[in-house]
Amino acid sequence: MHTIDHPAEPFPNFYNDLNASLHYAWLMLGRATKDRKAPFRTPVMATQSDSGPQARVLVLRAVDPELRQLVFHTDLRSGKVTELGHDPRVAVTFYDAHRKVQLRISGHASLHTDDALAQQRWRDASPAGLRCFSGALPAAVCATPTDNDAQASSSEEIAEGRSNFVVLVVEIAQIEWLYLHSRGQRRALYRWADAQWGMDWINP
Ligand SMILES: Cc1cc2nc3c(=O)[nH]c(=O)nc-3n(C[C@H](O)[C@H](O)[C@H](O)COP(=O)(O)O)c2cc1C
């Protein structure tokens, strides 16, 4: 017998399984790097600035479950790069309303400008995604509204942006999992310590 409030929504197989929930989290993160429409593709990253917290949307470009890494692209001249230079701690929050999963990830960011990783990601990125890096100084006041993407069109102009291109890698220290089910939420905490994931259910 099911009530109207709680129809027979099935329980997913990860519902009461800490390892399976973590596995599903990595699956969702991995899929988001390939599916432009996946809600996990555009998480919110928070940093510390001198005037308080700052949060913004970034595109998730790659993930590596073995290295516990999230990979983003950003502009060397952006506020977040200055903030991360002072304090590399970040929080990255993902929410998928359809799958009803929130991930709150925290870790440390490293910035890669001219190493092999930065070279490779610049080479492999689509030109359209690189046009903004040769645009005018981000966040500077401008006399008329501008569109940084529209400014670089030739491959020479796009190449000028290479010196502003940064690969931002987050090494994950902690993942907080929250799954919203109509018959009961599940919340779990995964902490990387001693070369393994410690995992606990916590009260929602
Ligand atoms: C859907 C969406 C995707 C975005 N993707 C990126 C991105 O991948 N990298 C980036 O630096 N900014 C991205 N932005 C812009 C940032 O949200 C932010 O405005 C910009 O990076 C400046 O942030 P900052 O001044 O805090 O550094 C995106 C914004 C939106 C709305």
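Predicted model: local features only at pLDDT ≥ 70, side-chain atom pairs only at ≥ 80, totals over all residues.
## Basis of the model

Local features need pLDDT of at least 70 and side-chain atom pairs pLDDT 80 or more, while totals for chains, interfaces and linings use all residues. Residues are numbered from 1 along each chain as its sequence is written, and side-chain values use heavy atoms, with hydrogens and water left out.

## Overall fold

The protein holds 6 helices and 9 strands. These are DSSP runs, numbered from the N terminus: H or I of at least four residues for helices, E of at least two for strands. The C-alpha trace spans about 65 × 40 × 35 Å along its principal axes.

Contact here means heavy atoms within 4.5 Å. Take the contacts between residues at least 6 apart in sequence: 63% of them join residues at least 24 apart.

The protein has 204 residues, and 37% of them count as buried. Buried means under 20% relative accessible area, exposed over 50%, and partly exposed in between (1.4 Å probe, protein chains only).

## The largest pocket

The largest pocket has a volume of about 280 Å³. A pocket is an open set of points on a 1 Å grid where a 1.4 Å probe fits, with protein on both sides within 12 Å along at least five of seven lines; lining residues have an atom within 4 Å of a point. Volume is the space filled by probe spheres set on the points, which are joined across faces, edges and corners.

Its lining includes Arg36, Arg41, Arg61, His73 and Gln120. Helix α3 (residues 116-124) gives the most to this lining, with 3 residues.

Pro53 sits in strand β2 (residues 52-57). Pro53 counts as exposed because its relative accessibility is 74%. Pro53 and Thr146 are 93 residues apart in sequence and 26 Å apart in space, C-alpha to C-alpha.

Pro88 lies in the loop between α2 (79-86) and β5 (89-96). Its relative accessible area is 31%, so Pro88 is partly exposed. Beyond its neighbours within four places in sequence, Pro88 contacts Gly107, His108 and Ala109. Val170 is 82 residues from Pro88 in sequence and 9.1 Å away in space, C-alpha to C-alpha.
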